[in-house]
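Grab the two chains and work through these exercises on how they meet. Try each task before reading its solution.

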Protein chains: 2
Amino acid sequence: MKKKPLRVLLVGFGNVARKMAAMLTEEREKYPGLADLQLEAVALFTGQHGGRIDPAGLDLERALRQFRDSGKFPAVPLTVMQALQTLDYDVLVELSTLRIAEKGEPAVSHVRAALERGKHAVTANKGPAAFAFRELDRLARRSGVRFLFESAVMDGAPVFSLQRHALNGCRITGFSGILNTTTNFVISRLEMGETMASAVKIAQELGFAEADPFLDLEGWDAAAKTAILANVFLGAGITPLQVERQGINGLTAEITAGTMAADRCWKLICRAELADGKVLARVAPEEIARGHFFAAVNGKSAALRLETDMMGPLWIAQENPGLVDTAAGVLQDLITIATRW
Amino acid sequence: MKKKPLRVLLVGFGNVARKMAAMLTEEREKYPGLADLQLEAVALFTGQHGGRIDPAGLDLERALRQFRDSGKFPAVPLTVMQALQTLDYDVLVELSTLRIAEKGEPAVSHVRAALERGKHAVTANKGPAAFAFRELDRLARRSGVRFLFESAVMDGAPVFSLQRHALNGCRITGFSGILNTTTNFVISRLEMGETMASAVKIAQELGFAEADPFLDLEGWDAAAKTAILANVFLGAGITPLQVERQGINGLTAEITAGTMAADRCWKLICRAELADGKVLARVAPEEIARGHFFAAVNGKSAALRLETDMMGPLWIAQENPGLVDTAAGVLQDLITIATRW
C-alpha cells in the first residue's frame with residue numbers, strides 16, 4: 001500500500017459512517033487487517049447537523065466523540081457540492097441514504113462531481129449505481145479512477161469484488177437473490193400468525209425496518225439492488241423503475257400458513273437474466289420449497305445465486321450482518337483504492 | 001493481458017485436463033471470457049500412456065483427438081522431472097490425482113521443481129497444498145512466481161481468490177464446510193433406506209465415487225481439503241494426517257432414519273478454527289438441523305462458511321458442479337497468472 005494517506009471527503013455521518021470512524025480509531029486494534037490503511041478525513045458533512053472541514057486532516061476520533069456528545073457539528077461555510085468541487089481530496093465517501101423518489105439524488109450528483117474532478121468515489125448509497133451506473137462507470141474509467149459500492153448490496157459481502165477479481169474468464173448470465181432484510185423478517189412473522197401491521201411494528205422496534213417501511217414492503221429497496229446487480233453483472237443500463245416489481249403487501253398470515261402446510265415458504269426474490277440480448281429484471285414474492293438454499297435464509301441473512309456461462313451456479317451468502325458489515329464494505333473499497341491506486 | 005502466450009507444461013491428461021483442452025480449443029467460442037487467454041502447451045504427460053513434447057508449441061486440439069482415438073501418446077524421451085528441470089516453460093499445470101499414502105507425491109515434487117526454477121505452478125491436485133503448503137508458498141514468494149490451486153477445493157468456486165482478492169482488511173478466523181461429494185451422496189442414499197454397500201455401489205455407477213471409495217468414506221478427501229483451507233486461511237502448516245478425522249462408515253440407514261425423525265440430517269462437516277494461536281482441524285459427521293444452510297447442500301453441491309474478524313459469517317457455495325467447473329478453476333488460475341504476471 002501507498003504510504004501517503006488517502007484523503008477522504010465524507011458525506012453523511014449516520015450509523016454506518018460513525019461505525020466506520022470508530023473502526024478506524026478507537027476500535028482499530030481489533031482489526032489487524034486495517035493496519036496498513038492510512039486515511040485522512042479532510043471534510044465531513046452530516047445531512048442536517050453541520051460538519052467539519054480541515055485541509056490538514058481532521059481528528060476523526062475527536063469528531064466522533066464531539067458528535068456523540070452534542071449530536072451536531074458547527075455549520076460549515078461550504079455546501080457539499082462546493083466542497084466536492086473545490087477541496088483537495090482523493091476519495092469521496094458517500095454514505096447518505098437512498099432516496100427513491102429523488103432518483104438517487106443528491107448522491108448521484110455528489111459522485112458525478114467527484115469523478116469529474118478525477119477523484120475516486122466510494123458509496124454505500126444504492127442511488128448512484130442503481131440510477132446512473134452506466135454514466136458514472138464510464139466517467140470513472142475516463143478519469144482513471146474508481147467508482148465502488150460494495151456495501152450497496154449485501155453489506156460487506158464481497159459481491160462486486162468477487163465478480164471483479166475472482167471470476168476470471170466467467171461471464172455472469174443471470175442471478176437471483178434474497179436481498180432485503182425487512183421483508184424477509186416480516187414474512188417470518190406472518191408465518192408465526194401475526195398480522196402485517198404487527199409484523200411491521202416489531203420489525204421497526206427491532207431496528208430492521210425504517211420509520212417509513214414503504215421502500216422495503218413495496219420492493220423498492222430490493223428493486224434498487226436488483227438494478228445495481230443487473231447493471232454491473234449484465235450490463236443492463238436500467239434503473240429501479242425498470243425492474244418489474246411486486247412487494248409483499250399481498251401476503252397475509254392465512255396465505256403463508258397455507259404455503260407452509262405445503263412444505264414451502266414465501267421469499268421476496270430478486271432476479272434478472274439475459275434473454276435474447278435483453279435484460280429482464282424482476283422483484284416478486286416466490287414460493288420456495290423447504291430444503292432449498294433460499295428457504296434457509298432467515299433473520300438478517302441474505303443470499304445471492306449467480307449463474308455463469310462456465311460453472312454451475314455459485315452462491316454467496318451472509319449470516320446476520322450488522323452495522324460493522326456495512327462499514328467493512330466501505331473499508332474494503334477504500335483498501336481496493338489504496339492498494340491498486 | 002500479455003500478448004505473449006503463457007507456455008504450459010501439462011502433467012496429467014485425465015478428465016479434467018482433457019476438458020480444459022477442449023474448452024481451450026473446440027469449445028472455445030462458448031466462453032467469451034477466455035478470449036484473451038493465450039496458452040501454448042510445450043509438453044504434455046499422461047500418467048501411464050506416453051506424452052507429447054514440442055518446444056514450438058503443441059497443437060492441443062490435434063493432441064486431444066489423437067488421445068481420444070488411440071487412448072495413448074508415443075513414449076517420450078524425458079521423465080516429468082527431467083522435463084520440469086530442463087524444458088523452457090512458464091507454468092507447470094499439475095493435474096495428476098491425489099495419493100494420500102504417498103503424501104501427495106509425486107505432485108509435491110513436481111510443483112517444487114517448477115517453483116525452484118522460477119516457474120509458476122497451478123494444480124488441481126490436493127497433494128501439494130495439503131502436504132507442503134508452507135514450503136511451496138515460501139518458495140513461490142521467494143521466486144516471485146505463483147503457486148495456485150483454486151480447483152483443489154470446491155472445483156472452480158473461487159474460494160482462494162475470494163480470500164486473496166475480495167476480503168480486503170478481513171482476517172479469516174475459522175471455517176466449516178461440506179466439501180466431499182461422495183459422502184454427501186452416500187448419506188442421502190442411507191436416508192432413503194439403502195445399505196452402505198448399495199449406496200456406495202450406486203455412487204460408483206453414477207460416477208460420484210472412485211473405484212476405491214476408501215479415500216472418501218474414511219474422510220481422507222475431506223481431510224485433505226480441510227488441511228489446505230487451514231493452511232491458506234489460518235496459517236496452520238498442517239497436513240491431512242494432523243486433521244482429526246472420522247469418516248461416515250459408522251452411519252447406517254437406521255441411524256439416519258432416527259436422525260431424520262428428529263428433523264435433522266447427517267453431513268460430513270470439515271471445520272477448523274484458531275484457538276489460543278493454535279489451529280484445530282477436524283472432519284466428522286455432524287447432525288444438522290433442517291432449515292440450516294448445510295442441510296440444503298445435496299447432490300454434488302458443496303458449501304463453505306467462513307468466519308472473519310470483521311463481518312458476520314460469509315458463505316460460498318456451488319450447485320452441482322461438473323468437470324467443466326474443475327477445469328474452469330484451473331483456467332482461472334492461469335488467467336490470474338497471465339493478467340498479474
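**Exercise 1.** Find how many bridges join β12 of chain A to β12(B), and in which direction the strands run.

*Solution.* Start with the strand at residues 314-318 of chain A: five bridges join this β12 to β12(B), and the two run antiparallel. Strands pair here if DSSP finds at least two bridges between them. Next, pick a residue: W315(A) sits opposite A317(B) in β12(B).

A word on the source: this is a predicted model, where local features need pLDDT of at least 70, side-chain atom pairs count only at pLDDT 80 or more, and totals for chains, interfaces and linings use all residues. Residues are numbered from 1 along each chain as its sequence is written, while chains are lettered from A and ligands numbered from 1 in the order in which they are written.

**Exercise 2.** Count the residues of chain B in contact with chain A, then sort them.

*Solution.* Contact means C-beta atoms, placed from the backbone, within 7 Å. On that basis, 42 residues of chain B touch 42 residues of chain A. α12(B) gives the largest share of chain B's side, seven residues. By type, that side splits into 24 nonpolar, 14 polar and four charged.

Methods: Two residues are in contact if their C-beta atoms, placed from the backbone, lie within 7 Å. Helices (H or I, at least four residues) and strands (E, at least two) are DSSP runs, numbered from the N terminus. Ala, Val, Leu, Ile, Met, Phe, Trp, Tyr, Cys and Pro count as nonpolar, Asp, Glu, Lys and Arg as charged, and the others, Gly among them, as polar.
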